[in-house]
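Please take a moment at each stop before moving on.

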Amino acid sequence: MPVISYREALRAAMSEEIERDPNVVIMGEEVAQFNGAYKVTEGLLAKYGPKRIVDTPISEAGFIGMGVGAAMLGLRPVMELMFFSFYSVAFDQIFNNAANIRYMSGGLISCPIVLRGPANGGTNVGATHSHTPESIAAYHPGIKVVVPSNAYDAKGLMKSAIRDNDPVLFMENTILYGETCEVPEGEYLVPLGSAKVMREGKHLSIIGHGRPIQLALKAADLLKEKHQIDAEVVDLRSIRPLDEETILNSVRKTNRVLYVEEAKPFCSVGAMVACIIQEKAFDYLDAPVKRITSLDAPAIYSPPLEKIQLPTVDRIFQAALDVLK
Amino acid sequence: MSKKSPSKKAEVAVSDYDARLAPINVKLGQDEKIQLYRDMVRIRRFEERCLRSYQQGKIGGFLHLYIGQESIAVGCVSVMGDNDHIITAYRDHGHGLAVGMGMNEMMAENYGKYTGCSKGKGGSMHYFDPSRNFWGGHGIVGGQIPLGTGIAYALKYKGIKGACLAFMGDGAVNQGAVHESYNLAALWSLPVVFVIENNGYSMGTSQARSSAGPSLAERAAGYDMNWEILENGHDVLEVRDKVSQALKLAHEKSLPSVLEIRTYRYRGHSVADPDTTYRDKQEIEEYKRTKDPLMVFQNALLAEKTLTDDLVRKIDEEARAEAENSAQFAEASPYPTVEDIKKDVYWEIDNPADRKSQGALFFD
Ligand SMILES: Cc1ncc(C[n+]2csc(CCOP(=O)(O)OP(=O)(O)O)c2C)c(N)n1
Ligand SMILES: [Mg+2]
């Protein structure tokens with residue numbers, strides 16, 4: 001199987017969907033002529049031309065709102081936010097218009113739009129550019145949220161997101177863009193709402209989403225190596241819809257849970273998952289659910305400090321030991 | 001200043017116009033002219049040193065260089081009075097130095113050190129110095145423009161005879177918040193000068209590919225606001241003249257203006273931009289050869305014997321040494337501590353003796 005990067009996987013998904021459906025249009029700042037600020041859309045303009053691959057001015061509220069309107073009439077816009085952080089410029093368009101249009105029209109109108117871009121810290125771009133808004137987004141009924149942690153899922157989820165008839169917020173990660181793994185050539189889909197057990201284990205479940213899953217896998221190796229602990233690692237992949245069954249199965253098996261994510265702790269996805277676990281699997285828990293998040297402050301610029309602010313392999317490793325105490 | 005039918009007047013004005021004869025420039029003493037030149041040289045040398053540090057991996061994130069645009073920050077700040085304020089976007093090194101921030105605190109900020117102007121928390125895009133009426137340093141394109149409008153509102157509210165210079169790029173003019181600010185400023189007669197630093201590109205997108213309409217400044221006409229295009233943004237004296245007129249209008253009549261200042265950036269959008277896809281090298285070289293703001297002003301001052309070759313050399317050496325020292329200062333400075341991550345988030349946490357609210361503010 002070919003080994004390709006997360007970036008290439010996203011590009012392949014978009015290419016395949018552009019070829020499959022004439023209503024798919026890629027839009028965003030610098031996506032066409034400049035080949036994408038992070039080169040995710042590299043080569044697409046040359047291949048598919050300016051009708052399908054469109055550069056926009058710096059007008060997030062305008063062009064994303066326009067995408068919502070175009071989706072109402074049946075286009076499938078895939079809109080890049082250069083940084084997902086810029087979603088807040090378009091907040092009203094996303095959370096009032098895209099999220100509510102179906103409901104307020106009594107189901108008469110749907111909104112098959114995808115908003116994609118990197119939502120992560122770790123590259124010293126400061127507080128304004130480092131937001132991780134997956135729980136803010138998933139809070140809104142009508143919105144779907146996807147956070148792939150690897151190239152395979154990035155491709156399969158992107159294809160599903162583009163075909164989905166609801167608005168999907170697709171949160172990527174600049175640090176993962178260059179990460180590679182085996183990705184089949186051609187057609188496959190990863191359905192939204194299916195979590196994946198990345199590693200089987202019996203002593204505790206490390207559940208999470210996004211890049212921290214990669215850290216969790218390393219921490220799991222260390223737990224095995226140093227303490228003979230078998231950690232199960234579960235990647236949610238999709239935040240809303242949420243695969244409750246896979247989460248609960250893992251909890252029933254290991255009885256101990258550590259949630260890992262890059263977001264801030266207040267009302268995070270981990271907080272929601274912990275709530276679901278205590279509601280639906282309380283009797284299976286041998287310890288409180290613990291969470292590893294970013295330290296609760298705006299993203300600091302200072303490079304060595306930002307490393308400490310974000311989840312690290314070591315913090316996950318230590319927290320896992322705590323959960324097992 | 002007030003132009004409702006743009007084209008003709010502008011042309012006449014350009015041909016007869018000599019910025020040196022403007023009252024604000026006629027009264028400039030030799031030392032003041034030398035200082036203007038020195039300020040531009042200091043910006044350039046500082047940024048060249050930043051670039052080296054970035055290439056050495058000492059600076060993280062983004063580094064947006066102002067090289068080529070120095071005449072604007074220096075010219076604008078040189079005509080600001082004590083009650084005038086300034087706010088800009090992420091390309092903020094020039095504005096920082098122009099208002100009098102030190103190279104040490106700026107370089108240390110770039111290095112993420114505790115001795116930086118924001119204690120290493122903001123980085124290169126987010127400089128602030130409210131003690132010098134400089135309100136940042138903002139990373140979200142267009143996001144600073146409502147803030148600048150709000151500073152003008154507060155000045156007017158408090159009855160202070162001052163204005164706010166609110167800077168943005170040619171790409172930022174397409175943000176909705178900019179247009180909302182224009183309307184508020186015009187509707188409520190706020191003392192704000194919107195300064196568009198039009199360097200021709202927003203990242204890899206030329207003005208023609210991003211903005212409709214005959215010019216960026218002319219959009220102000222829709223709000224019945226004063227507007228003007230400065231073709232010679234490289235000329236620090238012209239910048240001084242036009243900006244001081246707009247400031248006067250703000251001070252005396254509390255009227256807003258939009259100034260579009262044509263300029264050029266020599267480097268890529270940020271240091272990470274290879275700058276190979278959207279303009280040709282010749283365009284850059286041509287600008288450097290004919291309109292470099294340092295060169296143009298240096299030549300003018302040499303011709304009138306305000307500067308000598310010796311003095312030019314001395315100013316340059318001093319600026320290089322100052323920049324080099326700032327890099328050493330930054331290098332030797334400590335990083336913030338882990339505890340610092342949670343400071344400066346809430347006023348009440350930083351001032352526990354005066355805390356009035358109860359309950360948890362942090363949730364780790
Ligand atoms: C809301 C928002 N959208 C996009 C960006 C990414 N971005 C940063 S600078 C920039 C180009 C801005 O160009 P311009 O306004 O002309 O200023 P210049 O960089 O030329 O000084 C873009 C697209 C951002 N920081 N904020
Ligand atoms: Mg520009």
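A salt bridge, as the term is used here, is a side-chain nitrogen of Lys or Arg within 4 Å of a carboxyl oxygen of Asp or Glu. Keep in mind throughout that what you have on screen is a predicted model.

Begin by selecting B:Arg209 together with A:Asp55, whose side chains meet in a salt bridge with a distance of 3.0 Å from N to O. The count of salt bridges between chain A and chain B is 1, while 14 residue pairs, both members at pLDDT 80 or more, are in polar contact between these two chains.

The size of an interface is often given as the accessible area lost when the parts come together. Between chain A and chain B the buried area is about 2900 Å², and carbon and sulfur atoms give 66% of it.

Now centre the view on ligand 1. Which residues are the closest to ligand 1? Of the 22 residues that surround ligand 1, the closest are A:Glu60, B:Tyr90, B:Arg91, B:Gly139 and B:Asn199. Because the residues surrounding ligand 1 come from chains A and B, the site is shared between chains.

Show the side chains here, starting with A:Glu60, where a side-chain N or O atom is 2.5 Å from a nitrogen atom of ligand 1. Then turn to B:Tyr90, which has a polar side-chain atom 2.7 Å from an oxygen atom of ligand 1, and to B:His269, where a polar side-chain atom lies 3.4 Å from an oxygen atom of the ligand. Taken alone, ligand 1 exposes 590 Å², and the protein buries 96% of that area. The shell around ligand 1 is made up of 10 nonpolar, 8 polar and 4 charged residues.

For the last stop, look over the whole structure, in which a search finds 52 salt bridges over all chains. One to select is the pair A:Lys159 and A:Glu16, whose side chains meet at 2.6 Å, N to O. Since A:Lys159 lies in helix α6 (residues 151-163) of chain A and A:Glu16 in helix α1 (residues 6-20) of chain A, the pair ties together parts that are 143 residues apart in sequence.

Technical notes
Residues are numbered from 1 along each chain as its sequence is written. Chains are lettered from A and ligands numbered from 1 in the order in which they are written. This is a predicted model: local features need pLDDT of at least 70, side-chain atom pairs count only at pLDDT 80 or more; totals for chains, interfaces and linings use all residues. Side-chain values use heavy atoms; hydrogens and water are left out. Buried area is the accessible area (1.4 Å probe) that two parts lose on being put together, summed over both. A polar contact is a pair of N or O atoms within 3.5 Å; within protein, one must be able to donate a hydrogen and the other to accept it, and residues adjacent in sequence count only if both atoms are side-chain atoms. A residue is near a molecule or strand if one of its heavy atoms lies within 4 Å of it. Accessible areas come from the Shrake-Rupley method with a 1.4 Å probe; for residues, only the protein chains shown count as cover. Ala, Val, Leu, Ile, Met, Phe, Trp, Tyr, Cys and Pro count as nonpolar, Asp, Glu, Lys and Arg as charged, and the others, Gly among them, as polar. Helices (H or I, at least four residues) and strands (E, at least two) are DSSP runs, numbered from the N terminus.
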